[in-house]
Structures are given as structure tokens and as C-alpha cells.
Amino acid sequence: MARILITGGAGFIGSHLMDYLLRQGHEILCLDNYFTGSKANLAHMRDHPQLELIRHDVVNPIMLEVDQIYHLACPASPVHYQYNPVKTIKTNVLGTLNMLGLAKRVKARILLASTSEIYGDPQVHPQQESYWGNVNCLGPRSCYDEGKRVAETLMMDYHRQNRVDIRIARIFNTYGPRMALNDGRVISNFIVQALTGQDITIYGQGRQTRSFCFVSDLVEGLVRLMNTELLHEPVNLGNPEEYAIMEIAQKILALTGSPSHLIYLPMPPDDPGRRRPDITRARKRLGWQPTIPLEAGLKETIPYFAAKLRETKS
Ligand SMILES: NC(=O)c1ccc[n+]([C@@H]2O[C@H](COP(=O)([O-])OP(=O)(O)OC[C@H]3O[C@@H](n4cnc5c(N)ncnc54)[C@H](O)[C@@H]3O)[C@@H](O)[C@H]2O)c1
């Protein structure tokens with residue numbers, strides 16, 4: 001049994017990760033400033049004797065005794081990370097520095113939740129970990145993309161300079177219950193629009209592709225990565241099944257039986273054309289691959305959003 005710190009534990013992925021680690025019998029410290037996370041995500045585990053909640057902002061240092069750190073604290077959706085871009089950079093840079101400082105002091109192993117966004121608008125397809133990316137450092141997404149790139153650099157430098165035992169997960173689009181209603185990304189947008197009978201907004205012609213990993217698969221990958229020895233290079237975690245945005249809209253329309261119509265809007269700046277993980281390294285080193293197909297994952301996610309929408313009405 002380990003003592004494990006999860007920053008961003010009140011968020012979408014963090015709260016599922018905490019469920020998993022509590023089931024394994026670990027002692028969990030959840031650190032969050034509740035910017036995009038919520039106590040509702042933690043309601044079912046709040047009284048768990050092995051869980052301690054700490055309200056804290058990772059841009060400020062903190063001293064704790066832990067064996068492992070999953071560093072997830074950072075808003076993940078463009079709506080949220082562009083709300084206060086300077087704060088997003090601080091969270092990525094100062095937050096990661098603080099967590100690395102802590103890991104160094106207490107000799108904890110630390111895993112960074114990095115992102116496929118570090119590949120930017122990729123010119124190589126599918127993306128392998130060896131690809132350096134194609135990122136605009138001046139655009140509205142760069143506070144997040146470049147922030148995570150610096151966070152990865154800090155991880156590698158603390159590893160080389162101070163022998164901190166690091167893990168870097170490059171997470172591709174993940175979805176599932178406990179995503180925020182106002183998350184603003186494609187799966188949540190389409191489901192909410194379909195369930196409320198609003199037009200489904202497609203950017204461009206809807207031919208751009210995305211791959212989506214169900215949250216339980218992702219959590220399994222994160223835990224395997226954390227517990228695999230001597231794996232200091234980044235590892236892609238995502239579902240390599242690739243879908244055009246248009247196909248996803250049609251699937252969601254069919255599953256919800258919604259009368260919504262599709263409408264087409266101009267593409268936002270720096271929106272990547274294609275994104276699909278090459279997960280060869282995760283397969284070989286972690287023995288991991290996603291198991292939940294998109295349709296099965298959507299069938300678990302749609303009822304969650306329907307319940308959330310009922311809650312907000314009442
Ligand atoms: N969801 C995805 O598809 C996806 C894809 C790639 C990477 N990631 C990464 O995974 C991590 C978790 O993402 P998520 O989807 O659960 O997002 P989320 O927004 O639901 O969770 C992020 C959590 O971090 C907390 N947080 C934000 N800034 C903080 C700060 N300064 N101090 C303390 N807590 C802070 C938020 O309150 C929230 O609970 C993020 O680092 C994100 O970049 C997510």
C-alpha cells in the first residue's frame with residue numbers, strides 16, 4: 001500500500017483515478033483548487049477513511065510525505081484553459097516545478113499528465129513519441145500546448161540533473177462520465193446539443209479526425225505507466241481508433257434519437273486536422289491497449305450527461 005498524491009484529483013480524470021487507487025487499498029491525498037474540478041465528482045468517496053482532501057493551488061509550494069505523485073492539475077478543455085491563459089502557463093510551469101521539487105525532496109516517483117497537444121497540428125501521422133511536434137507558440141492554444149511542453153522539459157531535466165524518477169503520459173482525447181457540462185470539447189458538445197435538441201455545431205466540413213479513449217481505459221494506462229520500472233521517456237495513451245468529426249456527430253444523433261440538425265461553422269485557429277496516437281510503446285512496455293469501443297463508451301456517457309442536464313433544470 002502506498003501514499004499517493006493526486007493533483008487535480010477533483011477533476012474528470014483525477015476523480016476516476018482516485019476511485020481506482022482507493023479500490024486497490026492505497027492512501028490518497030487529493031490536492032485541488034476546484035477551478036474546473038468539483039466536489040460533486042468526489043461526493044461518493046468523500047467519507048472514505050483512506051482519502052484526504054487538500055484545497056491548494058499548485059502554483060504555490062507544498063510539503064507532504066508521499067511515495068507517488070500523479071500530477072494532473074491543469075484545466076484541460078480549451079474553454080477553461082483560455083479563460084485565464086497566464087494562469088494556465090503558471091499552473092503548468094510553476095505547478096510542475098513545485099511538484100518536481102516535492103518529488104525530489106521526498107524521493108517520490110512522479111507522473112505528469114501531458115497531452116497529445118504537444119504535437120500541435122501534426123505533420124506526421126499517426127503520432128509516435130519520437131515526433132517533436134508542430135506547435136504555434138503565439139496562438140490562443142499555446143498557453144496550454146507550450147505550457148505542457150515546458151512541463152515535459154522540466155520533468156526530463158529533474159530526471160537528468162537530480163535523478164527524480166519520472167513518468168510522462170501523453171494523453172489523447174479522453175471522455176466519459178464526470179466531464180464538465182460546459183467542457184466545450186466535441187463529445188460533450190455533441191451530446192449536450194443532441195440531448196437538448198439544439199443544432200449540432202460542426203467546425204469546417206467535419207472531415208477532421210479525432211480519436212477518443214474511454215476514461216476507464218486511460219486510468220488503467222496511467223496506473224500501469226506509474227508502476228512500470230525504468231520508463232522515463234514519454235508514453236502515448238489514447239485510443240488509435242480514428243473517427244471523422246462528422247461520423248461522431250451521426251453516432252451521437254443515432255444513440256440519443258435526437259431531432260437535432262447539423263450546422264457548419266468556420267474552423268477555429270490552430271485546430272489540428274488529424275490526431276491519432278501510435279500506441280506501440282504502451283503496448284510493448286505496459287502491455288496496455290484500450291478495450292472500450294466508442295459506441296460502448298458513448299452508451300455510458302450519454303446517461304451521465306442526461307442526468308446532469310436534469311439536475312441543472314431542477
Ligand atoms: N481530458 C482529456 O482529454 C485530456 C487530454 C490530454 C491531457 N489531459 C490532462 O489530464 C489532466 C486532467 O484533465 P481532466 O480532463 O481531468 O481536466 P479537468 O479540468 O476535469 O481536471 C483538472 C483538475 O485540476 C484542477 N486544477 C486546475 N488548476 C489547478 C491549480 N492551479 N491548482 C490545483 N488544482 C488545479 C481543477 O480544479 C480540476 O480538478 C490535465 O493535466 C490535462 O491537461 C486531459
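Select Phe35 to begin: one of its backbone N or O atoms sits 2.9 Å from an oxygen atom of the ligand. This is a predicted model, so local features need pLDDT of at least 70 and side-chain atom pairs count only at pLDDT 80 or more, while totals for chains, interfaces and linings use all residues. Residues are numbered from 1 along each chain as its sequence is written, and side-chain values use heavy atoms, with hydrogens and water left out.

Next, click Tyr144, where a polar side-chain atom lies 2.5 Å from a ligand oxygen atom. Then go to Thr174: a polar backbone atom there is 2.8 Å from an oxygen atom of the ligand. On its own the ligand exposes 820 Å², and the protein buries 97% of that (Shrake-Rupley areas, 1.4 Å probe).

Now show the whole shell of 31 residues (a heavy atom within 4 Å of the ligand). Ile13, Asp32, Thr36, Leu72 and Tyr144 come nearest. Colour strand S5 (109–115), which gives the most to the shell, three residues (strands are DSSP E runs of at least two residues, helices H or I runs of at least four, numbered from the N terminus).

Last stop: Glu152, in helix H4 (residues 142–162). Is Glu152 buried or exposed? It's buried, at a relative accessible area of 8% (buried is under 20%, exposed over 50%, partly exposed in between, with a 1.4 Å probe and protein chains only).

Notes: Polar contact = N/O pair within 3.5 Å; in protein donor to acceptor, adjacent residues only side chain to side chain.
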